[in-house]
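Visitor: I have a structure to look through with you. Could you walk me through the fold, the helix packing and a piece of the surface?

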Amino acid sequence: MYNINQTFFSASPLEQFEIIPLIPLELFGLNMSLTNASIFLILSVALSIFWSTLVIYKNKLVPGNWQSVKEIFYDTTLTLVKDNLGKKGYRYFPFIFTLFTIILYCNLIGMVPYSFTVTSHIAFTFGLALAIYIGINIIGFRTHGIKFFTIFLPKGVPLFIVPLVVAIEFVSYVVKVFTISIRLFANMTSGHTLLKIIAGFVWTMISIGGVFVYLQIIPLVLLLALVGLEIGIALLQAYVFTLLTCIYLNDVLEMH
């Protein structure tokens, strides 16, 4: 029994991020297999819809615990939209709230042992960020037309440095899609990797036995503290991703 457990917990901490095809499927030469990542993403969306439906169905004047939590998330997102977009952002509130909720669920479900953290993969975070980025630019073009390109040329720039300023502004504008995706991916990956390492260390000390059983209390306390910290990071990263989305959307609407 000791050898099996030791082998299990001595595995690489990065194995938890491996994408495994569960239902192989190929369509028109494309790999459309149902993987653990897609299943947990579907689960996150389903739980988000279920929770919202449950809260609406049992909506009361005096809210219960679940309704209170949902209202906190709702108010937080609404405040986020108000502070960064103003009244013009109300039309985008359903999208912003949905984005926040799904990312939050993906992060929190990843905290469950033997589950899968969808947001720990750059393919997902970059794909999501790119889709949002394209949508924001479409909104900018629809709002300002050809004047949208003036976002790359601040007012009052001397003529002889215009090419340099345009190049810098263009690069800084394009890099936004990378910063917003890498931030979420890096935080979730590093946090879960650290948890796996500490958990493996605690289990190894318990398996050895003897005086090490008492020494494992220290890393065990550290592990519990890291779990609490990681839950906080899961909430914070969902908030930060949504906040940056609101800021980028406001930039194309106000042409800052």
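Guide: Gladly! One term first: a crossing is right-handed if the near helix is turned clockwise from the far one by less than a right angle, and left-handed if anticlockwise. Please keep in mind that this is a predicted model.

Visitor: How many helices and strands are there in the protein chain?

Guide: Along the sequence, the pattern reads α-β-β-β-β-α-α-α-α-α-α-α-α. Of the 256 residues, 36% count as buried. The tally for the protein chain is nine helices and four strands.

Visitor: Are H4 and H9 roughly parallel or roughly antiparallel?

Guide: Helix H4 covers residues 93-109 and helix H9 residues 217-254, and their axes lie 9 Å apart at an angle of about 155 degrees. Angles over 145 degrees count as roughly antiparallel. H4 passes H9 in a right-handed crossing. The angle therefore makes H4 and H9 roughly antiparallel.

Visitor: And H5 with H9: roughly parallel or roughly antiparallel?

Guide: Helix H5, residues 122-144, packs with H9 at about 25 degrees, the axes being 9 Å apart. The crossing of H5 past H9 is right-handed. Since angles under 35 degrees count as roughly parallel, H5 and H9 are roughly parallel.

Visitor: Is Leu27 buried, partly exposed or exposed?

Guide: Leu27 is found in strand E2, residues 26-27. Together with Leu25, Phe28, Leu30 and Met32, Leu27 makes a nonpolar surface patch of about 570 Å². Buried means under 20% relative accessible area and exposed over 50%. At 43%, Leu27 therefore counts as partly exposed.

Terms used:
Residues are numbered from 1 along each chain as its sequence is written. This is a predicted model: local features need pLDDT of at least 70, side-chain atom pairs count only at pLDDT 80 or more; totals for chains, interfaces and linings use all residues. Side-chain values use heavy atoms; hydrogens and water are left out. Patches are made of residues with over 30% relative accessible area and no salt bridge: like charges are joined within 9 Å, nonpolar side chains (Val, Leu, Ile, Met, Phe, Trp, Tyr) within 5 Å. Accessible areas come from the Shrake-Rupley method with a 1.4 Å probe; for residues, only the protein chains shown count as cover. A salt bridge is a side-chain nitrogen of Lys or Arg within 4 Å of a carboxyl oxygen of Asp or Glu. Helices (H or I, at least four residues) and strands (E, at least two) are DSSP runs, numbered from the N terminus. Buried means under 20% relative accessible area, exposed over 50%, partly exposed in between (1.4 Å probe, protein chains only). Axes are lines fitted to C-alpha atoms, for helices over the stretch in contact, and angles run from 0 to 180 degrees between N-to-C directions. Angles under 35 degrees count as roughly parallel, over 145 as roughly antiparallel, 65 to 115 as roughly perpendicular and the rest as oblique.
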